[in-house]
Amino acid sequence: MGALLGGPCNSPDLVGPRLVFRACLATGYVPSIWRQVKVAFTPKPGRNSYSGPRDYRPISLTSFLLKTLERLVDRYLRDEALALVPLHSNQQAYQARKSVETALHQLAVLVEKALDQQETALGVLLDIEGAFNNTCYDTMCDALVKHGSEYTIVWWIRATLEGRMAVVTLGASSTRLTISRGCPQGGVLSPLCGAW
């Protein structure tokens with residue numbers, strides 16, 4: 001955990017946040033104000049109408065301090081844990097120099113090879129609906145442990161996910177909902193948590 005927040009800090013302006021971050025990671029504590037998520041809805045492109053809830057993408061707007069600590073944890077996971085136990089080579093998300101384009105390129109190469117060798121190619125494409133919204137916390141945390149993350153980091157990530165309170169406002173009406181699964185769209189660690 002020492003590598004996560006760097007070495008000694010000589011700037012008095014940074015001592016306070018660093019102490020808070022260290023305490024949060026060491027105890028697995030996430031302040032309740034950080035767990036309150038304001039949800040903004042953005043229209044999904046290419047829809048004929050915007051009359052139903054599936055026509056919008058919920059984006060979670062969280063505390064700047066939480067995003068800062070998530071970014072530090074993300075850097076640790078990329079540089080330390082995943083360097084030792086990397087994601088599968090065919091995993092396209094959350095890896096440097098990989099994207100939808102590289103996945104499509106791999107597919108095109110396999111199809112071209114089958115055509116060149118006059119073979120039959122069979123492809124199955126799956127769209128996992130609601131992957132970010134429905135992933136269980138245990139699944140995400142087990143994958144973090146499997147990839148060599150420190151238990152204090154796993155414990156803290158679980159604490160950021162559990163007990164999240166989504167605040168949804170529409171006009172003058174506001175509703176609060178407790179979130180019991182999934183990871184927030186727009187969260188810094190969500191691409192990793194959803195990539196497992």
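This is a predicted model: local features need pLDDT of at least 70, side-chain atom pairs count only at pLDDT 80 or more; totals for chains, interfaces and linings use all residues.
Student: Is Val100 buried or exposed?

Tutor: Val100 sits in helix H3, which covers residues 100-116. The cut-off for exposed is over 50% relative accessible area. Val100 has 59%, so it counts as exposed.

Student: How do the buried residues of helix H5 fall when seen down its axis?

Tutor: In H5 (residues 137-146), the buried ones are Tyr137, Met140, Cys141, Ala143 and Leu144. They line one face of the helix, because seen down the axis they fall within an arc of 160°. In general, an α-helix has 3.6 residues a turn, so residues three or four places apart point the same way. For the buried set of H5, the arc is 160°.

Student: Is Asp55 buried or exposed?

Tutor: Asp55 is in the loop between strand S1 (36-43) and strand S2 (56-61). Its relative accessible area is 11%, and buried means under 20%, so Asp55 is buried.

Student: Which side chain makes a polar contact with the side chain of Asp55?

Tutor: The Asp55 side chain also reaches a backbone nitrogen, that of Gly52, at 2.9 Å. The side-chain partner is 3.2 Å away, and that's Arg47.

Definitions and conventions. Residues are numbered from 1 along each chain as its sequence is written. Side-chain values use heavy atoms; hydrogens and water are left out. Helices (H or I, at least four residues) and strands (E, at least two) are DSSP runs, numbered from the N terminus. Buried means under 20% relative accessible area, exposed over 50%, partly exposed in between (1.4 Å probe, protein chains only). A polar contact is a pair of N or O atoms within 3.5 Å; within protein, one must be able to donate a hydrogen and the other to accept it, and residues adjacent in sequence count only if both atoms are side-chain atoms. The arc is that of the directions from the helix axis to the C-beta atoms.
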